[in-house]
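Subject: Structure handover and notes

Hello,

Please find the structure below, with my notes after it.

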Amino acid sequence: MSPPSPHVLILGGTTEARRLAADLASRPGVRVTTSLAGRVSRPGPLAGDVRTGGFGGAEGLAAWLRERRVDALVDATHPFAARITANAAHAAAATGTPVVLLRRPGWRAGPGDDWHPVGSLPEAAALLPGLGDRVFLTTGRLGLAAFAHLSGLHFLVRSVEPPDPPLPPDTRLLRDRGPFTVADETALLREHRVDVLVTKDSGGAATAAKLTAARDLGLPVVVVRRPPLPDGVPVVPDVPTALERLARLDGLDGLGPRPR
């Protein structure tokens with residue numbers, strides 16, 4: 001009797017999670033399941049099995065890992081999904097499931113950048129009155145209540161999904177999804193006469209063009225730092241490194257080479 005196929009659970013929602021699922025699903029004898037939080041109404045196609053919705057905290061995730069006989073867990077969620085990442089670390093420890101944390105590197109300021117790092121959205125809001133009157137807010141649809149009290153500023157809010165209220169009283173909503181070019185971002189900043197940019201340090205190339213555009217135009221950028229990662233969880237920066245890490249784990253003997 002042949003051993004069961006190794007099962008990898010990916011906590012997804014990022015480009016890296018999609019690429020990892022596609023690679024694993026292409027390998028013979030490997031079963032991959034990607035879990036999505038369900039916050040995006042129309043997620044793109046994913047290779048392998050897909051589940052949507054929460055697990056019910058760390059205990060619920062631990063139960064799922066046991067019931068579905070998961071051999072390895074990969075947390076490839078957004079760098080600011082701190083609660084999910086903490087739950088993954090606890091569930092992996094409780095079940096003895098090997099876990100890998102896949103996080104793309106964060107952005108770094110370069111020559112000519114006028115960055116103002118902060119630890120949270122409320123800290124970002126507190127800085128804005130001293131930096132500009134017309135704000136390009138690109139922190140996603142969650143947490144905008146932190147800016148709702150700023151009645152003296154104009155906000156251009158870009159989000160893939162409709163943002164959750166409350167919003168600042170003077171807000172213009174722009175629904176769009178990256179990747180964006182530097183030329184497009186520069187034109188957008190000029191068209192809306194933006195004088196300060198607010199973003200989270202999500203990293204990656206898809207939305208980094210706005211930082212180049214802001215530097216070229218001499219605009220200040222408020223950058224919300226990433227939350228700290230759990231202790232003791234191995235962190236990898238990209239899909240190839242995640243695959244190398246998975247290939248060394250017990251129980252993933254079926255993680256053979258990808259077909260050419």
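Which residues are exposed on the other side of helix 5? They are A183, R190 and E191.

Conventions

This is a predicted model, in which local features need pLDDT of at least 70 and side-chain atom pairs count only at pLDDT 80 or more, while totals for chains, interfaces and linings use all residues. Residues are numbered from 1 along each chain as its sequence is written, and side-chain values use heavy atoms, with hydrogens and water left out.

Overall picture

The protein has seven helices and 12 strands. Both kinds of element are DSSP runs numbered from the N terminus, helices being H or I with at least four residues and strands E with at least two. The radius of gyration is 20 Å, which agrees with the value near 18 Å that a compact globule of 260 residues would have. That radius is taken over C-alpha atoms, and the globule rule is 2.2 Å times the number of residues to the power 0.38. Along the principal axes, the C-alpha trace spans about 70 × 40 × 35 Å.

Of the 260 residues, 45% count as buried. Buried means under 20% relative accessible area, exposed means over 50%, and partly exposed is in between (1.4 Å probe, protein chains only). The protein exposes about 13100 Å², and carbon and sulfur atoms supply 51% of that area. Accessible areas come from the Shrake-Rupley method with a 1.4 Å probe; for residues, only the protein chains shown count as cover.

Among contacts with a separation of 6 or more, 66% are between residues 24 or more positions apart. A contact means heavy atoms within 4.5 Å. As for charge, the mean positions of the 31 positive and 26 negative charges are 4 Å apart. Lys and Arg count as positive and Asp and Glu as negative, with His and the chain ends not counted; the place of a charge is NZ of Lys, CZ of Arg, CG of Asp or CD of Glu.

The buried residues of helix 5 are E185, T186, L188 and L189. Seen down the axis of helix 5, these residues fall within an arc of 160°, so they line one face of the helix. The arc is that of the directions from the helix axis to the C-beta atoms. Strand 7 (134–138), strand 8, strand 9 and helix 6 are included in what covers them.

In helix 7 (residues 239–247), V239, A242, L243 and L246 are the buried residues. They cover an arc of only 100° around the axis, which puts them on the same side of helix 7.

Backbone points to check against your own view

- P165 and P166 are joined by a cis peptide bond, with omega about 0°. P166 lies in the loop between strand 8 (154–159) and strand 9 (171–175).
- G178 and P179 are also joined by a cis peptide bond, with omega about 10°. The loop between strand 9 and helix 5 (182–191) holds P179.
- R69 is a residue other than glycine with a positive phi, near 50°. R69 lies in the loop between helix 2 (57–67) and strand 4, and is exposed at a relative accessible area of 68%.
- R193, which follows helix 5, has a positive phi near 50°. R193 sits in the loop between helix 5 and strand 10 (196–200), and is exposed with a relative accessible area of 54%.

Two buried positions

H7 is in strand 1 (residues 7–11) and counts as buried at 1% relative accessibility. Not counting residues up to four places away in sequence, H7 touches R31, T33, W64, R68, R69, V70, D71 and A72. The C-alpha atoms of H7 and A145, 138 residues apart along the chain, are separated by 40 Å.

A209 is in helix 6 (residues 209–217) and counts as buried at 8% relative accessibility. Which residues is A209 in contact with, leaving aside its neighbours within four places in sequence? They are F180, T181, V182 and E185. E185 is also one of the buried residues of helix 5.

Regards
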